[in-house]
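Student: I would like to go through the side-chain contacts of this model with you. Could we begin with the terms?

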Amino acid sequence: MAHVRTYRPNVRVGNWREDVTLEEDTLKDFLERKERGELMVQKTGFLKQNILKQVSLSVSLGGAVCFGDVVMLVNECGENSCSVSIYADLTNLGEGPSPAIQAPCGVSGGRSLQPCTRNAFIISSVDGSAEGEPLRYNQSFALRTTSGFAGGLYLTSDHKTFQKCAKKSRLQEVIMEHQANFLSWWKVLHHDPQERLEHEGLPVPANSKVLISHCKTNQALAVVGQHILWTPYGKEYEVTAHTFLDSHKAERDINHWLLLTADPAGAGLTLLDRP
């Protein structure tokens, strides 16, 4: 009968005072963190609310992509159509009254094709070209996120090493960084190698298939559909800088991108939203 409880449940035994104090302190700490918005569920909700906020893309009235335009980088590869998106979690969320995404931050191929803070990029000049001038084939430029919560980060890449490479494919890594330097320089090439020389120096048309090549490594931006990333935003694909060639020495579809702008005929829509 030693295991039988010989006292009522409301009888306090052992270090009951210490247990009560610990429970009160735990509840008080929880309420204080909740009031300051420091709970994990609050941070997650704040991150998704701001990073998925709708962004208005630029309208290309002349048909060409210009410096200062807000565009999306979309890869149409069958069922795996995706856009280059910021891969940010709670570790990339800054602190303070107006937190923003902190670098270094990864990128992935998001399956959502709705323009938002995650996948909107600004065509930025690196050679002194004025805002509003058309971007031309083989001209260096930078891809920058919007200011504010996105932090104005630059799409950056560098030669792969044993310690710095893409997690799944082990190819050249693509990340977001604060500083704009030669590692964040890109150029647009015609998707057809046989017409590449003839189009050099011409304005880059919006919503047309192009290649985005890294200036330093000469590797083309690519989305690797067979390497899946499970992110806080769902199932996505790995984005790397690597030129994939077919049997004719031409770049494959996973290297082809659309510099997507807004549809002039529809408010807040893109050309992909047309029936």
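Tutor: A salt bridge here is a side-chain nitrogen of Lys or Arg within 4 Å of a carboxyl oxygen of Asp or Glu. This is a predicted model, in which local features need pLDDT of at least 70 and side-chain atom pairs count only at pLDDT 80 or more, while totals for chains, interfaces and linings use all residues. Residues are numbered from 1 along each chain as its sequence is written, and side-chain values use heavy atoms, with hydrogens and water left out.

Student: How many salt bridges does the structure hold?

Tutor: There are 3 salt bridges. In one of them, the side chains of D158 and K216 meet at 3.0 Å, N to O. D158 lies in the loop between β6 and β7 and K216 in the loop between β9 (209-214) and β10, so this pair ties together parts 58 residues apart in sequence. Strands (E, at least two residues) and helices (H or I, at least four) are DSSP runs, numbered from the N terminus.

Student: Which residue forms a salt bridge with R118?

Tutor: E236 does, with the closest N and O atoms 2.8 Å apart. The pair links distant parts of the chain: E236 belongs to strand β11 and R118 to the loop between β3 and β4 (121-125), 118 residues apart. E236 counts as buried at 2% relative accessibility, and R118 is buried at 5%. R118 also lies over the face of Y233, 4.0 Å from the ring centre; the criterion is that NZ of Lys or CZ of Arg is within 6 Å of the ring centre and within 35 degrees of the ring normal.

Student: And R196, what does its side chain meet?

Tutor: The side chain of R196 meets that of E251 in a salt bridge of 3.1 Å, N to O. R196 is in helix α3 (residues 196-199) and E251 in the loop between β11 and β12 (256-260), so parts 55 residues apart in sequence are tied together. Both R196 and E251 are buried.

Student: Changing topic: how many aromatic pairs are there?

Tutor: The structure holds 2 aromatic pairs. The rings of F46 and F149 have centres 5.9 Å apart and planes at 75°, so they are edge-to-face. Rings of Phe, Tyr and Trp (its six-membered ring) pair if their centres lie within 6.5 Å; planes under 30 degrees apart count as stacked, over 60 as edge-to-face and the rest as tilted. F182 and W185 form an edge-to-face pair as well, with 5.3 Å between centres and 75° between planes.

Student: Where do F46 and F149 lie?

Tutor: F46 lies in helix α2 (residues 40-51), and F149 in the loop between β5 (140-145) and β6 (154-157). F46 is partly exposed at 30% relative accessibility, whereas F149 is buried at 13%. The C-alpha atoms of F149 and P99 are separated by 6.9 Å, although these residues are 50 apart along the chain.

Student: Which strand pairs with β10?

Tutor: Strand β10 (residues 221-231) pairs with strand β11 (residues 234-241) in the antiparallel sense over 8 bridges; pairing requires that DSSP finds at least two bridges between the strands. A222 stands opposite T240 in β11, and a hairpin of 2 residues joins β10 to β11.

How values were computed. Buried < 20%, exposed > 50% of the residue type's maximum accessible area, 1.4 Å probe, protein only.
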